[in-house]
Amino acid sequence: MNHPSILAPALPSGTGLPSLTRAPAAALRRTVRRVSLRVLPWLLPLALLALWQAGAEGGWISPQVLPPPAFVWQTLSDLATSGELWTHLQASLLRVVTGFAIGSLLGLALGSAMGLSPRLQAYVLPTFNALVQIPVLAWLPFVLLLVGIGEPLKYILIAKAALVPVTLNTLQGFRQTPQGLREVGRVYGYTRRQEVLEIVLPHAVPTLFTGLRLGFTKAWLSLVVVELVASSEGIGYLIVYGRQLFQLDLVMAAVIVVGAIGYAIDRLLDLSEQRLLRHRPAHGARS
């Protein structure tokens, strides 16, 4: 009796051993992509630094106009070791944190109130949009007459700068909740408070964090502007002091500190947003 031969099934074309080599290649491509995403943002700053150094060494730029990077670094190190930098930085951070907190709280309250009440939005939003077109420096003489040149002046102007983007983004965040989800919540007997906390707020979180990041950026920029005009300490004061004495190395050192601190806090807010979004529920309403 002849037994039928047992044949192994034929491999489809394009499969088999070649597929084993694709996995390492794909992993390598992913690794290269991740490394590129981390390296690429540094290329432009490093190129600018190299151009700055080349200009200083080649004599293209006068040291009186733009000091060499090594000279600026030495000035920054001297400020740090003497403690002067930390004194000015502490004053600036206290102002920006206080003003940002006040402006953000007011912006969250006003934006959410307008987002939940179309009638209030109709009354307030047109006037608000008109007032926000006035820059911070234009408010300076008026606020100066009201509170003087002390710390309240700085808090008010910084808070005003943070208030605008936080309010508008909070309003936008509350607007973008799908109406269908809100109707589902009403069907399940949600109270107004439950609807806001479990449906509206989860959908508004990304836009709220965008507003907070923009609000901090505006607050930080306004801090420097306010300290340039009316202050005897702070990072902005260091810039003015260096300009008055024509110490451009001091000006550049203070500018580098402003950029570094602003970038660090923006990244901190970004990481907080990512962590919060990672843990938020996928749906606002209960099924």
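This is a predicted model: local features need pLDDT of at least 70, side-chain atom pairs count only at pLDDT 80 or more; totals for chains, interfaces and linings use all residues.
Residues are numbered from 1 along each chain as its sequence is written, and side-chain values use heavy atoms, without hydrogens and water. Local features need pLDDT of at least 70 and side-chain atom pairs pLDDT 80 or more, whereas totals for chains, interfaces and linings use all residues.

Helix 4 (residues 118-131) and helix 6 (residues 151-175) have axes that come within 12 Å and cross at roughly 145°. Helices here are DSSP runs of H or I with at least four residues, numbered from the N terminus; axes are lines fitted to C-alpha atoms over the stretch in contact, with angles from 0 to 180 degrees between N-to-C directions. The crossing is left-handed, that is, the near helix is turned anticlockwise from the far one by less than a right angle. Helix 4 contributes Q121, L125, F128 and N129 to the contact, and helix 6 contributes L163, V164, T167, L168, L171 and R175 (contact: heavy atoms within 4.5 Å).

The loop between helix 9 (235-244) and helix 10 holds F246. Phi of F246 is positive, near 60°, whereas most residues other than glycine have a negative phi. F246 is exposed, with a relative accessible area of 56% (exposed: over 50%; buried: under 20%; partly exposed: in between; 1.4 Å probe, protein chains only).

L276 lies in helix 10 (residues 248-279) and is partly exposed, at a relative accessible area of 40%. Beyond its neighbours within four places in sequence, L276 contacts V205 and F209. The C-alpha atoms of L276 and P206 are 9.2 Å apart, although 70 residues separate the two in sequence.

Notes: Helices (H or I, at least four residues) and strands (E, at least two) are DSSP runs, numbered from the N terminus.
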